[in-house]
Amino acid sequence: MKLLSYFRGEAFQRGVHPPGCKHTAEAPIRRLPFAPRLTVPLSQHIGKPSRPIVRVGEEVLRGQPIAEADGWLSVPQHAPATGVVEAIELRPSARGSWAESIVIRVYEASTQEVLWGAPQDIDAFPPQDIVLAVQRTGMVGLGGAAFPSHAKLTVPQGAKVETLVVNGCECEPYLTCDHRLMVERAADLMAGIRYAMRATGAGRAIVGVEDNKPEAAETLRRVLPPQGDIFVEKVPTKYPQGSEKMLITALFGVEVPSGKLPLSLGMVVNNVGTLAALGKLLPVGQGLIERVVTITGPGVARPGNYLVPLGTPLSFVLDYAGAQTQARQVILGGPMMGQAVASLDVPVTKGVSGVLVFRGEDMAGREGRKTYPCIKCGECVESCPMGLNPSMLGMLAARREYDLMGSQYHLGDCFECGCCTYTCPSNIPLVQQFRVAKQILREKAAA
Amino acid sequence: MTVLTEIRSAPHIKSPRSVEQIMANVVYSLLPVCAFFIYQYGLSAAASILVVTAACLLAERAFVRTGTQAGSLSDYSATITGLLLALTLPPGFPLWMGAVAGVASIALGKALFGGIGFNVFNPALVGRAFVQAAFPAAIATYTPSFLPGRFSEFIPSTLAWPLMAPANTAAWLKAMHYDALASASPLARWKFEGFVTPAIDLVTSLAGHMAVGPSPLLVLVCGGYLALRRFMDWRIPVAVLGSAGLSALIIYSAFGTKYPDPFFMLFSGGLIFGAVYMATDMATSPVTPRGMWLYGALIGVLTVVIRFYSGLPEGVMYAILIGNAATPLIERITQPTPFGKGPSILARRQGSYTLHPDYISREEAAAKTPKKRFLKNKPKKP
């Protein structure tokens, strides 16, 4: 109840409480079989696409690097299965545009053991070498942003990192992959936290877990190392707590200044999925070839948390999970910020945390809704975690006053969490208008 | 497997709140108030509510049909306008004048601006202001509540023919052995006779034959339901009542007996009803939280000023209309502070972990000091 929270002072100001729908929270992580063909896009991260280092017709082993990092803000790609490179060509991607990808035909008879990689003693590495080792794993932020992890763990000259914040909020409804990771792979996570602390020079680490996952918090507390420099903190459940700035506010009671990184407050934020994967991959020197994906939604017969080889096409994933034929919308990520895909040939990539399937009748409630003019109820102002005025921004967007939106009403601070659109009783597609406005402003700035 | 997928933009889920739901809940919360009004004044009140609401709905339908305004009857907003308007009119208000008020409120208050969400002034109050100017005698004619025969006969003025002067209620009351005093509203009695009705009688509206509207207590309870379910913003009524009570208290304690006590100010007339149902009209009140406080405070102070220092006994209506007019201006100066752009990086919440103090002080020092708009310091001469 908003009235009470006003006095109580919740985790961060404003935000929304969508129904959790975490139906798969109890489903253990299971392995998905290999699809006959895997499509590995060369750009699964923010930054420059990787450069392929294999030729068409070449046999690749599972875990073998097939593309190398092109520059600093780029990561290598590894073969997700043993097979033969069938093509290097344009393939559909989640964004809609086609992207250069390596297609691997999987050998059915292969044992699919990971034979690549050499064990390394990370504890003996100096921080710069840990960062390089992280880049060699091809790790990106597995929470969804897909920002190269080694770049995030690099501390620039003159800056000092005091705290590593580990983001275990998973505030998006339906998604449970981070929850299962914290429960099942707590030891890997602790190892990953240790490596990240060493790489950044952080003196302490704080794991923020939303209080709708008490099991995860308990499990983590049991495996805390005796040094006492890693803490687990429950934060009140609220969307969008998984945004790093909101989590910092919930934990520390400070706001990261607008336009600055958490680094300016001596913090680095990493997702639990990323650190758990690092904890597993770094000591054995292997690359990122699979990730945990929550496959859920009313349109799936066997929802659950699956360990999916990267590059598995969605059609194969949905077949395995038993997607019903009435499925009408397939979303990569959570329902609040996820991307609806146009084609089921789109592969699961490093940044995909969930596959959500809605049927026609699940969307009927939204489709049948009429769009009214803004009645100025102020719900969006009360829900915007960035403290903007979406009502005013929406009216300006309708009049195409994009410059005014950017200069006077802080459009640049919007991170498109969708809270305003979620609460709008008039059913106005506010966040979509803001995306368009931001894109137009970007194009104007570039021109 | 072939699945035809559709592309939509995020978010893919939607909160169940809708315009219809909000408006319907306001209507539900008004029903007990209407029932109490009918219980007070009988047949005439029921006829007035029905006719005024029907006039609003018909006018809305006509304007939507001709494409003049957005919205539809199913959004309940015209129903709210009709009910609110009927509850602010005297129970014995001639029905044809009530119909004029209803049509005027939709036509001048809503359709003129483009329909739901676009109106600048509260439509119900526009309608009331229209008939107050058009029929000043009829709108000042109140009758006492709880008359014995109220469920069997109409107040005579109710059934006036269109364009004809209504029947004289004073003579009708005299025949029933009520003096003219009983049919004066408590505010009019204070203004013109200096008689202050005890606040405790006003709160329930149940103490004998008084010319008062629905019980303020009932209105507060119904408004409380709306505020708890968040169909109404609680800040506005709190600000209106707080500022009205405070300014009345200041004037009362400074000048004493010449002015009534603050409780009388709060519970007399339409202040509670206006604060809870009229001032909170979403389209005509600010969206920014700080703006809501300012808007409510403005209305409260204006109400007291109009009541004390003008020729009119009641000031809520004009205070709210002035507040409506000031809303765009208020919104302009009360835009919310974006995250991380305030003068201090310390959020309102206390964190469980403390940041290294170096970081806070460094950021605080780097934070821009807000530009002074007024009373700028003149540059010192060397």
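**Figure 1. Chain B of this predicted model, in which 50% of the 382 residues count as buried.** Welcome to the structure, which is a predicted model. Chain B holds 16 helices and 0 strands. Take the contacts in chain B between residues at least 6 apart in sequence: 74% of these join residues at least 24 apart.

**Figure 2. Helices α5 and α15 of chain B crossing at roughly 130 degrees.** Here we zoom in on a pair of helices in chain B. Helix α5 covers residues 123-134 and helix α15 covers residues 316-333, and their axes come within 10 Å. The crossing of α5(B) past α15(B) is left-handed.

**Figure 3. The residues through which α5(B) and α15(B) make contact.** On the α5(B) side, look for B:Leu125, B:Arg128 and B:Ala129. Their counterparts on α15(B) are B:Met317, B:Ile320 and B:Leu321. Sorted by class, this contact has 5 nonpolar residues, 1 charged residue and no polar ones.

**Figure 4. Chain A divided into domain 1, domain 2 and domain 3 by the domain assignment.** Now we turn to chain A. Its domain 1 is made of residues 2-24 + 150-284, and domain 2 of residues 34-116 + 289-363. Domain 3 spans residues 379-446. If you trace from domain 2 to domain 3 of chain A, their C-alpha centres lie 32 Å apart.

Conventions: Residues are numbered from 1 along each chain as its sequence is written. Chains are lettered from A and ligands numbered from 1 in the order in which they are written. This is a predicted model: local features need pLDDT of at least 70, side-chain atom pairs count only at pLDDT 80 or more; totals for chains, interfaces and linings use all residues. Axes are lines fitted to C-alpha atoms, for helices over the stretch in contact, and angles run from 0 to 180 degrees between N-to-C directions. Helices (H or I, at least four residues) and strands (E, at least two) are DSSP runs, numbered from the N terminus. A crossing is left-handed if the near helix is turned anticlockwise from the far one by less than a right angle, and right-handed if clockwise. Two residues are in contact if their C-beta atoms, placed from the backbone, lie within 7 Å. Ala, Val, Leu, Ile, Met, Phe, Trp, Tyr, Cys and Pro count as nonpolar, Asp, Glu, Lys and Arg as charged, and the others, Gly among them, as polar. Domain bounds come from an automatic or database domain assignment. A residue is buried if 20 or more other C-beta atoms lie within 10 Å of its own, exposed if 12 or fewer, and partly exposed in between; C-beta atoms are placed from the backbone.
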